[in-house]
Amino acid sequence: MTDTAGDARRAAPDRAPATWLPPPEPGRAALVTGASSGLGAELARALAGRGYDVVLVARRRARLQHLAQELSASGATVCAVPCDLTAPDQRASLAAELGDRGLEVSILCNAAGAGAAGEFLGVERERQVADVRLVLLLLTVLGRWSPFPAGASSAAPS
Ligand SMILES: NC(=O)c1ccc[n+]([C@@H]2O[C@H](COP(=O)([O-])OP(=O)(O)OC[C@H]3O[C@@H](n4cnc5c(N)ncnc54)[C@H](OP(=O)(O)O)[C@@H]3O)[C@@H](O)[C@H]2O)c1
């Protein structure tokens with residue numbers, strides 16, 4: 001089977017980068033989970049570099065603040081919100097904080113995760129369960145979260 005449209009898109013030499021993203025707009029932000037390290041931190045850098053306001057979310061406050069300083073220094077508008085995404089009260093606080101700041105999430109970039117390396121049977125079962133639970137939360141609860149109107153606390157995941 002041929003994928004003519006896909007081939008044409010891939011071959012287009014002047015393809016604009018990430019045209020499928022909504023454009024940056026005042027009051028609308030890209031929320032990146034797992035922004036304290038790895039893929040999330042890099043995605044946050046890339047989005048800030050493209051002019052998006054960025055909300056950095058993960059548990060480690062110091063690392064978020066460090067990245068927020070780095071991105072702010074290069075002209076981006078960034079806010080760091082420490083949050084354990086597995087905790088419903090902390091997710092509610094995150095939603096409230098975005099509402100207080102008048103920010104609407106136009107891009108949700110879920111990079112939080114905790115993949116354990118090694119042989120499957122060698123990884124502690126509770127850790128595997130926690131990893132799967134976090135990924136399910138990101139795909140289901142948080143996946144319904146974007147976009148939501150600023151201040152709409154009823155749209156907060158629970
Ligand atoms: N790197 C790769 O090549 C690759 C390839 C395929 C898939 N993946 C998957 O992509 C995900 C990210 O990979 P990575 O390499 O970027 O991993 P990483 O550097 O360990 O980053 C994981 C991020 O998730 C955050 N996080 C974990 N639990 C959280 C929670 N309960 N609440 C909020 N944030 C939480 C961590 O921050 P805090 O600890 O500060 O909360 C950290 O920022 C993982 O699920 C991984 O399995 C990675």
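A nonpolar core is a set of buried Ala, Val, Leu, Ile, Met, Phe, Trp, Tyr and Cys residues joined through C-beta atoms within 7 Å. A residue is buried if 20 or more other C-beta atoms lie within 10 Å of its own, exposed if 12 or fewer, and partly exposed in between, with C-beta atoms placed from the backbone.

The structure is a predicted model, in which local features need pLDDT of at least 70, side-chain atom pairs count only at pLDDT 80 or more, and totals for chains, interfaces and linings use all residues. Residues are numbered from 1 along each chain as its sequence is written.

**The whole chain**

Begin with the entire chain in a cartoon view. Five helices and four strands can be found in the chain; helices (H or I, at least four residues) and strands (E, at least two) are DSSP runs, numbered from the N terminus. Followed from the N terminus, the elements run α-β-α-β-α-β-α-β-α. The chain has 158 residues, of which 27% are buried. Two residues are in contact if their C-beta atoms, placed from the backbone, lie within 7 Å. Of the contacts between residues at least 6 apart in sequence, 62% join residues at least 24 apart.

**The sheet**

Next, select the four strands. They form an open sheet in the order β3-β2-β1-β4, with parallel pairing; two strands pair if DSSP finds at least two bridges between them. At the edges are β3 and β4, each of which pairs on one side only. On average, neighbouring strands of this sheet are turned by 20 degrees against each other, direction ignored.

Alanine 29 has aspartate 53 of β2 as its bridge partner, and leucine 31 stands opposite valine 55 in β2.

Keep β2 selected and show its side chains. Because six of its six residues are buried, β2 is largely enclosed by the rest of the structure. Asp53, Val55 and Val57 point one way from the strand, while Val54, Leu56 and Ala58 point the other way.

Centre on valine 55, which lies in β2. Why does valine 55 count as buried? It has 29 C-beta neighbours inside 10 Å. Not counting residues up to four places away in sequence, valine 55 touches Ala29, Leu31, Val32, Cys79, Val81, Leu98 and Leu103.

Move to valine 57. With neighbours within four places in sequence left aside, its contacts are Leu31, Val32, Thr33, Ala35, Val81, Cys83 and Leu94.

Of its 36 residues, Val32, Ala44, Val54, Val55, Leu56 and Val57 touch the most other members. At least two residues of this core come from each of β1 (28–33), α2, β2 (53–58), α3 (61–73), β3 (78–82), α4 and β4 (104–110).

**The ligand**

The ligand is surrounded by 22 residues, and the closest are Gly34, Gly38, Arg59, Gly113 and Gly115. Which element gives the most to this shell? Helix α2 (residues 38–49) does, with three residues.

**Two partly exposed residues**

Select threonine 86, in the loop between β3 and α4. Threonine 86 is partly exposed because 14 other C-beta atoms lie within 10 Å. Apart from neighbours within four places in sequence, threonine 86 is in contact with Arg133, Leu134 and Leu137. The C-alpha atoms of threonine 86 and leucine 137 are separated by 7.4 Å, although the two are 51 residues apart along the chain.

End at glutamine 90, in helix α4 (residues 88–100). Glutamine 90 is partly exposed, with 16 other C-beta atoms within 10 Å. Beyond residues up to four places away in sequence, glutamine 90 touches Cys83 and Asp84.

Methods: Near = placed C-beta within 6 Å. Axes fitted to C-alpha atoms, helices over the stretch in contact; angles between N-to-C directions.
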